[in-house]
Amino acid sequence: MSGRVVAYSSSPLLASRTPVWRSKFIVAGIALGFVALAGRAAWVQVIGNDFYRKQGEVRFARTLELPANRGRIFDRNGLLLATSVPVPSIWAIPEDVEQGKDKAKLVQLARLLQMPHSELMKKLEEDERSFVWIKRQVDEATARQVAALDIKGIYQRKEYRRQYPEGEAAAHVVGFTSIEDHGQEGVELAFDKALAGKPGSRRVIKDRLGRIVEDVREQVPPVDGKDLQLSIDSKVQFFAYQQLRDAVVANKAKAGSVVVLDVHTGEVLALANYPSYSPSNRQNLTGAQLRNRALTDSFEPGSTMKPFAVSLALEKGLVRPDTVIPTAPGRITLAGSTISDSHAHGDLTVTQVIQKSSNVGTVRMAMQLQPREMWELYTQVGFGQRPQVPFPGTVSGKLRAWKTWRPIEQATMSYGYGVSTSLFQLARAYTVFARDGELVPVTLLKTDQAAPGIRVLRPEIAREMREMLHLVTLSGGTAPKAQTMGYSVGGKTGTAHKQEGRGYAEHKYRGVFVGIAPIEQPRIVVAVMIDEPSAGRYFGGDVAAPVFSATVQQTLRMLGVQPDMNVKPQIVVEAVEESI
């Protein structure tokens, strides 16, 4: 069968002539299309490419923060109190996790991370997010097991976690950081800016799996945080904490605090509270554990205030150490209120007023002073003023303006009622007696230089008061349990009713002892407070003085201070009950 031949010339449609303008129009249209495409390409890639570059960066470019290493915290001898260690954290790209395929593995993952399976699935349901934390700062063993599961969309990265070798003994000094490595308490918070440093940055392009493809611009290196060396001696800190903890437990007390100051340099050698906590394990913490009571709790200091009123009377020439003060019949009435001693002592010298802790004798001297004079001395030694230490939560206590004092209030303030202070303030105030009448500025940072003091009392007055305080710790005083083997000591007991509402609790007390050692050439001041002892004894000489004794002996030995007394067994004698 022969092929059919089509004669195009016989077709009227094909044989018709196409107008020239039509072909030119089609060619021109095609040319304009190419020009438009070329122009659009030039606009997108050369002229107006900022918008598209930004859109690309939003999708693929990332600024990675290069974390700075947080500074370490050392004690005065170079022992670590806080340091950062690298730890793995688990994260995911939710949209990449194949929940159906890896269902069994996800159950295992939740079990490894000790989290409910429902919580894990809730995190993975956030499909619109390209990053979600699953669990941060896990241990290495757990991280290896997670990696072995090989779940698509689950990844790991390194972070830094703070470690605290001294644990609960130094917790209230060092504090802790958040999971973001920001200071939350203690020195970690007070010096957060210096410790944290400044993070760097790196601008990169990532693919959808989070892998870095290339760097976009020059890397900005991080500036590591500065190391910090504290004045704290970790050995003194641990021993003081241990003694305090044992005393609180033995006396069935609510809490306790101890402060140790170097009177030469003003350095804080120890600052401990009980109850405490472990900075590395802060689950189920209570406010009682977190409170740095030595700085944040103010209380009426009781008889520990008597040396200041008596020193002022000596300074003004109103009395001498051997001046006789009548205290019979053991009570005195002012403006309808009666002030009593625990026992009727009869006539006492000024020295004996301190030794026996006589309220009546102290009041008789205080009422010879002007209210303004007492207020000025109290203010000069730091009462009613916030301590100048960069520590969070420090309190100023309470000291009312002298113009508002009534006679009965002036009387009670002389023996520690109507005025409130923190234990830290009280310890610092006693440096006036240890430094021959100079108040010492205190510091939490190590220093090798003697701190210049501020003159408050004449040197001879401070030395006379030290002799009186020494007698308090001997037989016939209120604190023989403060005696320390090998070292002479002096100090003052304080036992005060606790305030409740507008009155005082009948059977709730704070027992306090603040002392100095050695007595001739003082090196340290130690202050101890036991809150609400309930095991039968509550006087400061019974519950706080033994902590002072043990802490002084250990601290002076560590500082290399030579004993100034014959080392012999401590003679335990009954203390004279102080007046409350």
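This passage describes the overall make-up of the protein and then several local features. The structure is a predicted model, in which local features need pLDDT of at least 70 and side-chain atom pairs count only at pLDDT 80 or more, while totals for chains, interfaces and linings use all residues. Residues are numbered from 1 along each chain as its sequence is written, and side-chain values use heavy atoms, with hydrogens and water left out.

The protein contains 22 helices and 19 strands. These elements are DSSP runs numbered from the N terminus (helices: H or I, at least four residues; strands: E, at least two). Of the 580 residues, 48% are buried. Buried means under 20% relative accessible area, exposed means over 50%, and partly exposed lies in between (1.4 Å probe, protein chains only). Contacts were also examined (heavy atoms within 4.5 Å). Among those between residues at least 6 apart in sequence, 72% join residues at least 24 apart. The accessible surface is about 28,600 Å², and carbon and sulfur atoms account for 52% of it. Accessible areas come from the Shrake-Rupley method with a 1.4 Å probe; for residues, only the protein chains shown count as cover.

Helix α13 spans residues 306-315. It is largely enclosed by the rest of the structure, because 9 of its 10 residues are buried. Among them are Phe308, Val310, Leu312 and Leu314. Glycine 317 follows α13 and has a positive phi, near 75°.

A nonpolar patch lies on the surface. Its members are Trp21, Phe25, Ile26, Ile30, Phe34 and Leu37, with about 760 Å² of accessible area together. Patch residues have over 30% relative accessible area and no salt bridge; like charges are joined within 9 Å, and nonpolar side chains (Val, Leu, Ile, Met, Phe, Trp, Tyr) within 5 Å. A salt bridge is a side-chain nitrogen of Lys or Arg within 4 Å of a carboxyl oxygen of Asp or Glu. Isoleucine 26 sits in helix α2 (residues 20-47). Its relative accessibility is 48%, so it counts as partly exposed.

Two cis peptide bonds were examined. One joins alanine 328 and proline 329, with omega about 0°. Proline 329 is in the loop between β11 (324-326) and β12 (331-334). Another runs from alanine 517 to proline 518, with omega near -20°. Proline 518 is in the loop between β18 (503-517) and β19 (524-531).

Positive phi also occurs outside glycine. Alanine 335 has a phi of about 50° and lies in the loop between β12 and β13 (337-340). This alanine 335 is exposed, at 72% relative accessibility. Serine 357 has a phi near 60° and lies in the loop between α14 (350-356) and α15 (359-366). Serine 357 is buried, at 0% relative accessible area.
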